[in-house]
Amino acid sequence: MTATGTPTLLGVAAEAALAGPGVAGLQPRLAHCLAAAAAPTRTDTAPHRMPPEAGIRADRAPDGSGWRIEVRCVLAEGHRTLDTAQNVHDRVRTAVTSHLAAHGVAEPVTVTVAVTVTRIAARPGTA
């Protein structure tokens, strides 16, 4: 897989999203949750953890001109939702665009980012 393939972009986008202030985590998409539930029973006692990339979806634009990135965020309580979502949008767009440029994508590439806030995580110790 090339450095501009979907799995690599998922990691770049996940890392950028998680670095944003107010982001508690990324919410896996339903397909990842169903796949994990349908997987054979694990023999070890360690809880199964989804990779952060499970909260990111990256698809090529139908005309091949760029990428569509979807980020599903869980935000930390006490942060303004709109500001945090905008920050995640900007961070992911910048990181993916920079990654593509650094790996030889010469033509201008459009990167469209959609951020969905799936929930607000309560601070530990609050009820």
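## Exercises on a predicted model

The side chains of Arg80 and Asp83 form a salt bridge, with 2.7 Å from N to O. This is a predicted model, in which local features need pLDDT of at least 70 and side-chain atom pairs count only at pLDDT 80 or more, while totals for chains, interfaces and linings use all residues. Residues are numbered from 1 along each chain as its sequence is written, and side-chain values use heavy atoms, with hydrogens and water left out.

### Exercise 1: the salt bridges

Find how many salt bridges the whole structure holds, and describe the surroundings of their partners.

**Solution.** 

Step 1. Start with the criterion: a salt bridge is a side-chain nitrogen of Lys or Arg within 4 Å of a carboxyl oxygen of Asp or Glu. Side chains of opposite charge can pair when their charged atoms come close.

Step 2. Searching the whole structure gives two salt bridges. Besides the pair of Arg80 and Asp83, there is one between the side chains of Asp59 and Arg57, at 2.8 Å from N to O.

Step 3. Now classify the partners by relative accessible area (buried is under 20%, exposed over 50%, partly exposed in between, with a 1.4 Å probe and protein chains only). Arg80 is exposed at 56%, whereas Asp83 is partly exposed at 43%. In the other pair, Asp59 has 31% and is partly exposed; Arg57, at 37%, is partly exposed too.

### Exercise 2: the faces of helix H3

Check the length of helix H3 (residues 81–102) against expectation, then work out where its buried residues sit.

**Solution.** 

Step 1. Helices (H or I, at least four residues) and strands (E, at least two) are DSSP runs, numbered from the N terminus. The expected span is 1.5 Å times one less than the number of residues.

Step 2. List the buried residues of H3: Thr84, Ala85, Val88, Val92, Val96, His99 and Leu100. They cover an arc of only 120° around the axis, so they lie on the same side of H3. The arc is taken from the directions from the helix axis to the C-beta atoms. An α-helix has 3.6 residues a turn, so residues three or four places apart point the same way.

Step 3. Turn to the other side of H3, where Leu82, Ala101 and Ala102 are exposed. After the helix comes Gly104, with a positive phi near 85°.

### Exercise 3: the whole chain

Describe the fold pattern of the protein chain and say where confidence is lowest and highest.

**Solution.** 

Step 1. Count the elements: there are three helices and four strands, in the order α-β-α-β-β-α-β along the sequence.

Step 2. Of the 127 residues, 29% count as buried.

Step 3. The mean pLDDT (the predictor's confidence in each residue, from 0 to 100) is 81, and 73% of residues reach 70 or more. Confidence is lowest in helix H2 (residues 30–38), at a mean of 50, and highest in H3, at 94.
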